[in-house]
Amino acid sequence: MKPSVIEMIYSQHDEIIRQWKNEVTELNQFDSTLPTNWFHETNEEFVNLIMGTLELEENEAKEQFRSFAERLMNAGWPLSYFTKGMQLFRRVLVQMLTSDESFESEKVFETLNEVEKWVDGVINQLVDEYTGSWENTLHLQKLALKELSAPLIPVFEKISVMPLVGTIDTERAKLIMENLLEGIIEHRSQVVLIDITGVPVVDTMVAHHIIQASEAVRLVGAECILVGIRPEIAQTIINLGIDLRKFPTKSTLRKGIETGLELTQRKIISTS
Amino acid sequence: MSVQSNVEVHSEWGIVSARQAGRNLAKELGFGGVDQARFTTAISELARNIYLYAEQGEIIIETVENSRITGVQRGLKITARDRGPGIKSIREVMEDGYTTSGGLGAGLPGVKRLMDEFDIDSVTGEGTEITAIKWLR
Ligand SMILES: Nc1ncnc2c1ncn2[C@@H]1O[C@H](COP(=O)(O)OP(=O)(O)O)[C@@H](O)[C@H]1O
Ligand SMILES: [Mg+2]
């Protein structure tokens, strides 16, 4: 920003801050999403930041806004607090410079022009910052969900378990397949136990996905054992006419693990 | 008094809600664990077929009664209704393994075995209505 413009704004320093603080409280008093504690402290910090960065070089100014915004966003302050605050700064300046006749109109025009650009720049940056961190959060949550909904857990060397809990839809069936095949390679599993104790309904689609998954597991050279088939589920599977005899099954996870150990030439022994 | 539950099916969530409604009614009526699972699985098959082949439709679950010499028999009836493409050959779709979607083709014959009564009414180009009843033992 031009030194003459900065000088002009700084000549009104205290008055600008006073008016800004006055109006920001009004502006935000109906906004219930705003954290109520630290409200005054934050306003104080915000307006001093605005005034302080006017004379800074652009990158330096952006860095200061970035760290301020990041800290508040993490504490739950909404984006609108920043954008409203910046717009208010502009409004206060316009009011002040246009109502006082002692300012040269050319100078006022120049100042407002500069301020306009500066405020827009900061708002754009904050919006980018904010959507960036929001998209990032969303991305991380999707990843977490992906890992949670079909995790492959290496329980022993060469033996992994995939415990399935909840409804299996098309999206999740895809994840099961992906995580199985990726995990088998990653953990060098030779035996995979798919535990369906927590799956509420096994209809023909779920059965089909499980059959396909276990065939894929075999194709990459591992053995797949289905465990945790509850008695009522076993009944319905038979009624549906699905033949699971081709697929190794064990009633419990424990028996499945014992089989897995046998298949990899090991067993659990008691040392007493 | 008859109890009834209607669920619109136009996404996979609809399938889950229909199942849930069915499981709740089956529990309330006093079905045992295995029959609850059979009933819920039958709903799941019919709802998924609606979603897959007709895109949208509805599942209606209601209590029904039947007077016998031994007393009144109670049960639950599923009606799966859609305005999809309809089924050309009912004989074909009732064969184990018949599928047009690369599925297992075990859904409809499976539902017939899971339930006590089963009926398909379908007109090509107009839609399909499948009804099935499970009696309380
Ligand atoms: N509501 C429906 N509308 C039209 N066609 C259907 C409907 N339900 C089932 N079908 C047809 O019947 C076939 C067999 O269905 P089903 O026994 O459930 O096996 P799958 O769904 O595995 O193919 C389906 O592939 C489809 O062509
Ligand atoms: Mg089907």
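**Pockets, cavities and the ligand site**

In the lining of the second largest pocket, α6(A) gives the most, with six residues, where helices (DSSP runs of H or I, at least four residues) and strands (runs of E, at least two) are numbered from the N terminus. The structure is a predicted model, in which local features need pLDDT of at least 70 and side-chain atom pairs count only at pLDDT 80 or more, whereas totals for chains, interfaces and linings use all residues. Residues are numbered from 1 along each chain as its sequence is written, chains are lettered from A and ligands numbered from 1 in the order in which they are written, and side-chain values use heavy atoms, with hydrogens and water left out.

Pockets and cavities were located on a 1 Å grid over the protein atoms alone, a cavity being a set of points where a 1.4 Å probe fits but cannot get out, and a pocket an open set with protein on both sides within 12 Å along at least five of seven lines; lining residues have an atom within 4 Å of a point. Grid points are joined across faces, edges and corners, and each volume is the space filled by probe spheres set on the points. The second largest pocket has a volume of about 440 Å³, and of its 16 lining residues those closest to its centre are A:Leu145, A:Ser149, A:Asp169, A:Glu171 and A:Leu175. At least two lining residues each are supplied by α6 (105–149) and α7 (170–187) of chain A and by α1 (12–29) of chain B. This lining comprises six nonpolar, four polar and six charged residues, with Ala, Val, Leu, Ile, Met, Phe, Trp, Tyr, Cys and Pro counted as nonpolar, Asp, Glu, Lys and Arg as charged, and the others, Gly among them, as polar.

The largest pocket holds about 870 Å³ of space and is lined by 38 residues, of which B:Asn49, B:Tyr53, B:Thr99, B:Thr100 and B:Ser101 lie nearest its centre. The elements that give two or more residues to this lining are α8 of chain A together with α2, β3 (71–82), α3 (90–93), α4 and β5 (127–135) of chain B, and the largest share, nine residues, comes from α2(B). By class, the lining of the largest pocket divides into 17 nonpolar, 16 polar and five charged residues.

The largest pocket is also the space taken by ligand 1, a molecule being assigned to a pocket or cavity if more than half of its atoms lie within 2 Å of the grid points. Ligand 1 is surrounded by 18 residues, the closest being B:Asn49, B:Tyr53, B:Thr99, B:Thr100 and B:Leu108, where a residue is near a molecule if one of its heavy atoms lies within 4 Å of it. Of this shell, eight residues are nonpolar, nine polar and one charged. α4(B) provides the largest share of the shell, three residues. Polar contacts are pairs of N or O atoms within 3.5 Å; within protein, one must be able to donate a hydrogen and the other to accept it, and residues adjacent in sequence count only if both atoms are side-chain atoms. Oxygen atoms of ligand 1 lie 2.6 Å from a polar side-chain atom of B:Thr99 and 2.6 Å from a side-chain N or O atom of B:Thr100, while a backbone N or O atom of B:Gly105 lies 2.9 Å from a ligand 1 oxygen. Taken alone, ligand 1 exposes 540 Å², of which the protein buries 93%, with accessible areas from the Shrake-Rupley method with a 1.4 Å probe and, for residues, only the protein chains shown counted as cover.

Three cavities of 30 Å³ or more are found in a search of the whole structure. The largest has a volume of about 60 Å³ and is lined by A:Ile194, A:Ile210, A:Ile211, A:Ser214, A:Cys224, A:Leu226, A:Leu244, A:Phe247 and A:Pro248. Two or more of these lining residues come from each of α8 (204–219) and β4 (223–227) of chain A. The second largest cavity contains about 50 Å³ of space, and its lining has eight nonpolar, no polar and no charged residues.
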